[in-house]
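The sequence and structure are shown first.

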Amino acid sequence: MATIDECRAALDRLSDNLARAGGDVRGAAALDRSLSCHVTDLDHTFAGRLEKGRIRVDGVAAGPPAGKADIRLAMTGDDLVALVAGELNFARAWASGRVRLEAGLRDLLRLKKLL
C-alpha cells in the first residue's frame, strides 16, 4: 500500500510531467481550476489547484474532500502511483471504476486530451 508521502511525490511528479508537456497536453493542462484527489484506501484528500500547467498541492487532510473542487479525483494510493509511473492506463482505470474523475463538461472535454 502506497503511503501519503509516496502519493504526494506522485502528484509532484505528475505536476512536473504536465509542466514539461507540449502541444495538446500543455493546452489541456493550462486550466485554472481547484483540484482534489481523494486517496480512498488511506482516506486522505490532497487539495490544491491546477494552474499554469502545474498542480499546486495546498494541503492534505484526513477524510473525503471538505469542499467540492472543480476537478475531483478519487483512487487508491497504489493506483495513483501506478498512473503517474505509466504502469496503469488512465482511460481503462476510469472505465473500470478504479479511478473516479468528476468535473464540469467543458473541463472533461479539455482533460480528455491528457488521456
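1. In this predicted model, L50 stands opposite I55 in β3. The strands concerned are β2, residues 44–51, and β3, which pair in the antiparallel sense over 8 bridges.

2. These strands belong to an open sheet of 5 strands, whose order is β3-β2-β1-β4-β5 and whose pairing is mixed. Its edges are formed by β3 (54–62) and β5 (100–102), each of which pairs on one side only. From one strand to the next, the twist averages 15 degrees.

3. Helix α1 packs on the sheet, where it touches β1 (33–39), β2 and β3. The direction of α1 makes about 165 degrees with that of β3.

4. Helix α3 lies across β1 and β4 (71–75). Relative to β4, α3 runs at about 110 degrees.

5. How do the two helices lie relative to each other? The axes of α1 (residues 4–20) and α3 (residues 77–85) come within 9 Å and cross at roughly 30 degrees. Angles under 35 degrees count as roughly parallel, and α1 and α3 are therefore roughly parallel to each other. Their crossing is left-handed.

6. Which residues make the contact between the helices? On the α1 side they are E6, C7, A10, L11, R13, L14 and N17, which meet G77, L80, V81, V84 and A85 in α3. By class, this contact of α1 with α3 has 8 nonpolar, 2 polar and 2 charged residues.

Conventions:
Residues are numbered from 1 along each chain as its sequence is written. This is a predicted model: local features need pLDDT of at least 70, side-chain atom pairs count only at pLDDT 80 or more; totals for chains, interfaces and linings use all residues. Side-chain values use heavy atoms; hydrogens and water are left out. Axes are lines fitted to C-alpha atoms, for helices over the stretch in contact, and angles run from 0 to 180 degrees between N-to-C directions. Helices (H or I, at least four residues) and strands (E, at least two) are DSSP runs, numbered from the N terminus. Angles under 35 degrees count as roughly parallel, over 145 as roughly antiparallel, 65 to 115 as roughly perpendicular and the rest as oblique. A crossing is left-handed if the near helix is turned anticlockwise from the far one by less than a right angle, and right-handed if clockwise. Contact means heavy atoms within 4.5 Å. Ala, Val, Leu, Ile, Met, Phe, Trp, Tyr, Cys and Pro count as nonpolar, Asp, Glu, Lys and Arg as charged, and the others, Gly among them, as polar. Two strands pair if DSSP finds at least two bridges between them.
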